[in-house]
Amino acid sequence: MSTAAATARPREVLADLLPASRVRDVALVLGGAALTGLAAQIAVPVPGSPVPVTGQTFAALLVGTALGASRGFAALAVYALAGLAGVPWFAHGTSGASVSFGYILGMLLASTVVGALARRGADRSVLRMAGTMLLGEAIIYAIGVPYLAYVADLSASQALAVGLTPFLIGDAVKAALAMGLLPTAWKLVDKR
């Protein structure tokens, strides 16, 4: 992508391309929460781990990047609070706090951080998007793994073995998808 195209819309995220209104923002937040809940239903159990592989992390980082920090935070807050209140949209159709709830808290912070970076143009190129996704994933694990260790009474090495290591390849695939998806979306927008 050329420098001119990357700077043609400074300080915008993809959601800002829609006509501005409170209705738009509420719809985007609710849509982001629903997308995360739907993606959480793509859940594959990991042998030996209480945490499944899900599409939830991909959705959370995509929501944050596309909506920006404040709307991304709000979408993941709605997702987390509704799930705590009983909406069955955590992995495997569950709700409430579980050993994997720390990852959801991590997603809340990660969506905010990647949204702030997207507002600074981090979603415009593949290389910058790679760094943004890696940072988002690191934030999710930095909160999720210690939470898992505490709640499941695991040592740090046990928590890493069941709460981080089995997920690295899947997260690399999710990051690669985002690295292609968002810069491509901006290229399409800049061609209009």
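Select helix α7 (residues 156-163) to begin: its buried residues are A159, V162 and G163. Here "buried" denotes under 20% relative accessible area, "exposed" over 50%, and "partly exposed" the range in between (1.4 Å probe, protein chains only). These residues cover an arc of only 85 degrees around the axis, and therefore lie on the same side of α7. The arc is that of the directions from the helix axis to the C-beta atoms. Helices (H or I, at least four residues) and strands (E, at least two) are DSSP runs, numbered from the N terminus.

The model is predicted: local features need pLDDT of at least 70, side-chain atom pairs count only at pLDDT 80 or more, and totals for chains, interfaces and linings use all residues. Residues are numbered from 1 along each chain as its sequence is written, and side-chain values use heavy atoms, with hydrogens and water left out.

Next, display α5 (101-119) and α6 (126-151), which are among the elements that cover the buried residues of α7. Contact is taken as heavy atoms within 4.5 Å. Keep α6 selected and compare its end C-alpha atoms, which are 37 Å apart; this agrees with the 38 Å that its 26 residues should span at 1.5 Å a residue. The expected span is 1.5 Å times one less than the number of residues in the helix. Just after α6, move to D153, where phi is positive, at about 55 degrees.

The salt bridges come next. The criterion is a side-chain nitrogen of Lys or Arg within 4 Å of a carboxyl oxygen of Asp or Glu, and by this rule there are six salt bridges. Select D16, R24, D25, R71 and R119 together: salt bridges link them in a network. Within this group, centre the view on D25, which is partly exposed at a relative accessible area of 26%. One partner of D25 is R24, with the closest N and O atoms 2.9 Å apart; R24 is buried, with a relative accessible area of 12%. D25 also forms a salt bridge with R71, the closest N and O atoms being 3.0 Å apart. This second pair links distant parts of the chain, since D25 lies in helix α2 and R71 in helix α4 (residues 69-84), 46 residues apart. R71 counts as buried, at 9% relative accessibility.

Then select R124 and D123, a salt bridge whose closest N and O atoms are 3.2 Å apart. R124 is buried at 4% relative accessibility, and D123 is buried with a relative accessible area of 0%.

Return to helix α2 (residues 22-40) and pick V26, which is partly exposed at 48% relative accessibility.

Finish at G55, in the loop between β2 (53-54) and α3 (56-67). G55 is buried, with a relative accessible area of 14%. Not counting residues up to four places away in sequence, G55 touches A39 and I42. Q41 is 14 residues from G55 in sequence, with a C-alpha to C-alpha distance of 7.4 Å.
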